[in-house]
Amino acid sequence: MDSPSSRSLYRFAVLTALATLGLIGMGGLVTSKGVGMAVPDWPTSFGYNMFALPVDQWFHGGVFDEHTHRLWASTVGLLVVVLTRWLGGSPSRRWLLLTGGMELAAGWGLLSLGPAWRGAGYFLCGIGGVVLLAGLAWFRSAPASAPLPALGWTAFGLVQLQGLLGGLRVVLDQWTLGNVTLGLLLGLIHGCLGQGFFVLLGVIAWRLSPARGRQSGAAMRSGTGGGCVSFWIGAGAALVVFQLVLGAAMRHQHAGLAIPDFPMAYGRWWPALDAEALVRYNQHRTDESTVTAFQILLQMAHRAGAMAALAAIALAWRTSVRRYGRGSGIARGTALWLALAVVQALLGATILWTNKAADVATAHVVLGAMTLLTGTLLILVVRKLRVSEPTEASRIPVPALAHPVAR
Amino acid sequence: MNTMKSLAVAVSATALSLHAADVTGKVSLKGTPPPEKVIAAVKTDSNCGKVAQGEAKTRVYVVGPDGGLANTVVYVKKGLEGKTFPVPSNKVEIDQVGCMYMPYISAAMAGQTIAIKNSDPFMHNVNVQPKGAGNKGFNIAQATKGKVDEKTFDKPELGIRFACNVHPWMIAYLSTFDSPFFAVSDDQGDFAIKGDLPDGKYTLEAYHQKAGAVTQDIEVKNGKATANFTLEVKAQ
């Protein structure tokens, strides 16, 4: 796994993961600014083929953010198709040809339905064409070791699902499911799935990392509390997921700041939530939205979740230092994780202090994705260590934990 | 001849009392509202900056010097049950000018034509999501200056939100009613509901997007009535 070709594959996987992190940032900016519906149609943009939108229409207010997000997403899609072909090797050609052919046929089918389906038809034909080309790539290559080809195919499926969700979020924005608009619901799923997709690409890059196989376990030393390390890393990661879902739910309601102050909440440690208090809060909000008790509770849960996540991650670092030593890879990894979590918490507070400045809110989303990836990689590392302990402890390779995606 | 003259005067007077009803009054605000915010983006945006009309501010609480509250919708809430009214043929215009909606608050009868106009020399999108059943939302792009799209909302609904996502500070609200008896208070807080509101007892409501709503019972006599409302911003 240290040949020039495997190094290139690793670098390409890192590039794809970084491009995805940038895409999360762009998507975060779209939501932070509230410009997700600036382009009312999809997959066309103002009736144009997405890739042929005149520049003067692109560089215009919120259209710039939304349209750039679409183009960036298409680029990530292209990278993932190449990654899938590369990871799957020659055997993947048959499936890529089949998938691309089916998408192309479906695209032609949509074109035949009439002018209303023309944009969607061309778009699907375009995707199918790219997949077909990847399948036609004639060079012979061996597949990467298991489970990387499967992970590649998972990313291939997810990137298309994610694109579809993003598009449906626009097209079905006006539809409702009970009291919830599909725009909100699909936007929420789109936001969460984007984070999961980034983690998947990060895991692929990490598994391809040459340093993963080189580092020795010499830095480890035996001690007590190995099970605690695993527990606190797992708890920290679960709390980060909880936080991401809560954060996405808060952001996609576009309700502004449900609580404008921090560390207090409407001047108290626990805000009043009775009807009279809600009237009072809303009368003093100068943004257009109206806040509900549910939205206030959501933010309070997000605050409590942040404290719990910080505590769990701090304990993960503390127990890993005690178990493996301060200089061990796992201790360095948890230290990095803790640093990310602390900055993330400070960014969260800054969102409130800046009245939800779009760039700060977006940085919070990006750092959240990095925190989730770091936690996931730590889980994988600790699991590997636990499987190997105790008999082969001295020969267990300790993977590089200094955020492999950002290498 | 005199009889004919008297009859004509009587008919005219009757017509006047039927068609010149005027419910007038003032909406006032009690308490200290939060200060309006300057919308800096109107000037910093490369397109909007060229057409901005003065310093753009939020218009949540527009209060006159004597406490009169603008942008409050006053309408007949009770007293017209079972009655139907023809939909006015005139159009209610909502314009996009200088990257702001004009007016910020408007009102129409359900089914009345709403003319949404773009007076700016660049694109706005108009994203409208009514919450009431029976009113259809839409999201349309208006690319060119002078472009007008006409829409209708078939059911009564308070505060239908209009938003431009290209310039996300652009917000306006439209309220629709099942009668033509409504008005929006002006910058002094004054309002006048005009039309052929028959004499009788009614309940009026004054509704403001942030300050809330208050009701008042009135009696229209000889086509006239007065109602003054006070909305309150509670201390934070």
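Chain A is divided by its domain assignment into domain 1 (4–89 + 141–208) and domain 2 (216–406); such bounds come from an automatic or database domain assignment. The model is predicted: local features need pLDDT of at least 70, side-chain atom pairs count only at pLDDT 80 or more, and totals for chains, interfaces and linings use all residues. Residues are numbered from 1 along each chain as its sequence is written, while chains are lettered from A and ligands numbered from 1 in the order in which they are written.

**Where the two domains of chain A meet**

- Domain 1 of chain A brings 24 residues into contact with 22 residues of domain 2 of chain A (two residues are in contact if their C-beta atoms, placed from the backbone, lie within 7 Å).
- On the domain 1 side, α1 (4–33) and α7 (182–208) of chain A each supply at least two residues; helices here are DSSP runs of H or I with at least four residues, strands are runs of E with at least two, and both are numbered from the N terminus.
- With 12 residues, α7(A) gives the most to this side of domain 1.
- Sorted by class, the domain 1 side has 14 nonpolar, 9 polar and 1 charged residues (Ala, Val, Leu, Ile, Met, Phe, Trp, Tyr, Cys and Pro count as nonpolar, Asp, Glu, Lys and Arg as charged, and the others, Gly among them, as polar).

**Two helix pairs in chain A**

- Two packed helices are described by the angle between their axes and the distance between the axes.
- Helix α3 (residues 62–88) of chain A packs against helix α5 (residues 118–136) of chain A at an angle of about 25°, with axes 10 Å apart; axes are lines fitted to C-alpha atoms, for helices over the stretch in contact, and angles run from 0 to 180 degrees between N-to-C directions.
- α3(A) and α5(A) are therefore roughly parallel to each other (angles under 35 degrees count as roughly parallel, over 145 as roughly antiparallel, 65 to 115 as roughly perpendicular and the rest as oblique).
- In this pair, L78(A), V81(A), V82(A) and R85(A) of α3(A) make the contact with V130(A), V131(A) and A134(A) of α5(A).
- That contact has 6 nonpolar, no polar and 1 charged residues.
- For helix α11 (residues 293–324) and helix α12 (residues 329–353) of chain A, the axes come within 8 Å and cross at roughly 160°.
- α11(A) and α12(A) are therefore roughly antiparallel to each other.
- Among the residues that meet here are W317(A) in α11(A) and W337(A) in α12(A).
- The contact of α11(A) with α12(A) has 17 nonpolar, 3 polar and no charged residues.

**Where chain B touches chain A**

- The contact between the chains takes 27 residues from chain B and 23 residues from chain A.
- On the chain B side, β7 (124–128) and β8 (138–142) are the elements that give two or more residues.
- β8(B) provides the largest share of that side, 3 residues.
- By class, the chain B side has 11 nonpolar, 11 polar and 5 charged residues.

**How confident is the prediction?**

- The predictor gives the complex an ipTM of 0.85 and a pTM of 0.89.
- Chain A averages a pLDDT of 89, and 90% of its residues score at least 70; pLDDT is the predictor's confidence in each residue, from 0 to 100.
- Chain B averages a pLDDT of 91, and 91% of its residues score at least 70.
- Residues 391–407 of chain A stay under 50 in pLDDT, and the model has 54 contacts beyond four places in sequence for them.
- Residues 1–19 of chain B also have pLDDT under 50, with 4 contacts beyond four places in sequence.
- Where pLDDT is low, the predicted coordinates should not be read in detail.
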